[in-house]
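Open the model in your viewer and keep the sequence panel beside it. Let's walk through it stop by stop.

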Amino acid sequence: MAEIRHSFVTARGVRHHVAECGEGPPLILLHGWPEFWAAWEPMFERLSSRYRLIAPDFRGFGESENPHPEPTSTVNAASLADDVVALMDALGVAKAGIVGHDVGSNVMQVIGVRNPERATGFFFFNCATHGVGSRWNQPGHINEIWYQTFHQMSYAAELASSSRENCRRHIGHFLRHWSYRKDAFDAVLERWTDNFMRPGNMQGGFNWYIGQNSGRLAVMAGTAPQPPKITVPSRVLWGRHDPILRSEWADSLGDCFSDVEVSFAEEAGHFVHYEQPDQAAQAIDAFFTQLAERRS
């Protein structure tokens, strides 16, 4: 693997940590929760010979600044999308392929509506859209989303990070439960625990759930306005066994994207890029290679 380069870039008044690796056409990698830039190391290992890989930590995550140490509703897909576009400007990247999942996939959809000219293509690992609607809270799924409410409680971050053991148990639960390959994160669990024990990082991640709450409830109630279809060429590789973003929800993608292809990672859950990194990297490379050939 090429050397990983670390820098700090100020965008919209926030000091963001950015990890980069490799040279070539730029790909921006957007993490989810409970993650930070290091979730993309398996892609660094496999794609750095062909691409300039840029993995920022969202505000309040990883080594990026958390300007909101207390609970806030200001961190949401729209504000993080503005951060990403500002980071691209600061890094001198006019246009890039964008890869992401979970938090990142929500952010990408906003970029696709507001700033489609900044993306050569979108590659999603699992991709919940407005079309999921009330399926979020159906009887067979309602118990899976308990954490989205818990993370909004004023005491939640303090409780989850009150000791290293509590942090390890909370973060480790999601890394194991959402994975089909239950040992996928075993070797890095202490590193993930270190990350979320950093001052402000537990609340930084929980602020995402506070900021997204009103929009999520509107989607569940069917009252959220339908955004325009995203025209950026898009590819989705969905983990077949994701218990939180269910693979059958892929049936709504056509309502939100005008140019999208979907396939399934049969041996993966929520974290396709970490559970099945060879399959993930091959799919990313094939998609962006195809787009480059289409443009030439």
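Two strands pair if DSSP finds at least two bridges between them. Helices (H or I, at least four residues) and strands (E, at least two) are DSSP runs, numbered from the N terminus. This is a predicted model: local features need pLDDT of at least 70, side-chain atom pairs count only at pLDDT 80 or more, and totals for chains, interfaces and linings use all residues. Residues count from 1 along each chain as its sequence is written, and side-chain values use heavy atoms, without hydrogens or water.

**Stop 1: a strand pair.** Select residues 26-30, strand β3, and residues 52-56, strand β4. They pair in the parallel sense over three bridges. Now click Leu 27: its bridge partner in β4 is Leu 53.

**Stop 2: the sheet.** Show the eight strands. They form an open, mixed sheet in the order β1-β2-β4-β3-β5-β6-β7-β8. Select β1 (4-11) and β8 (260-265), the edge strands, each pairing on one side only.

**Stop 3: helices on the sheet.** Select α2 (residues 77-91), which lies across β1, β2 (14-21), β3, β4 and β5 (96-101). Here contact means heavy atoms within 4.5 Å. Next select α3 (residues 103-114), lying across β3, β5 and β6 (119-125).

**Stop 4: two helices.** Select α6 (residues 164-177) and α7 (residues 189-197). They pack at about 120°, axes 9 Å apart. Axes are lines fitted to C-alpha atoms, for helices over the stretch in contact, and angles run from 0 to 180 degrees between N-to-C directions. Show side chains: among the residues that meet are Ile 171 and Leu 175 in α6, and Trp 192 and Phe 196 in α7.
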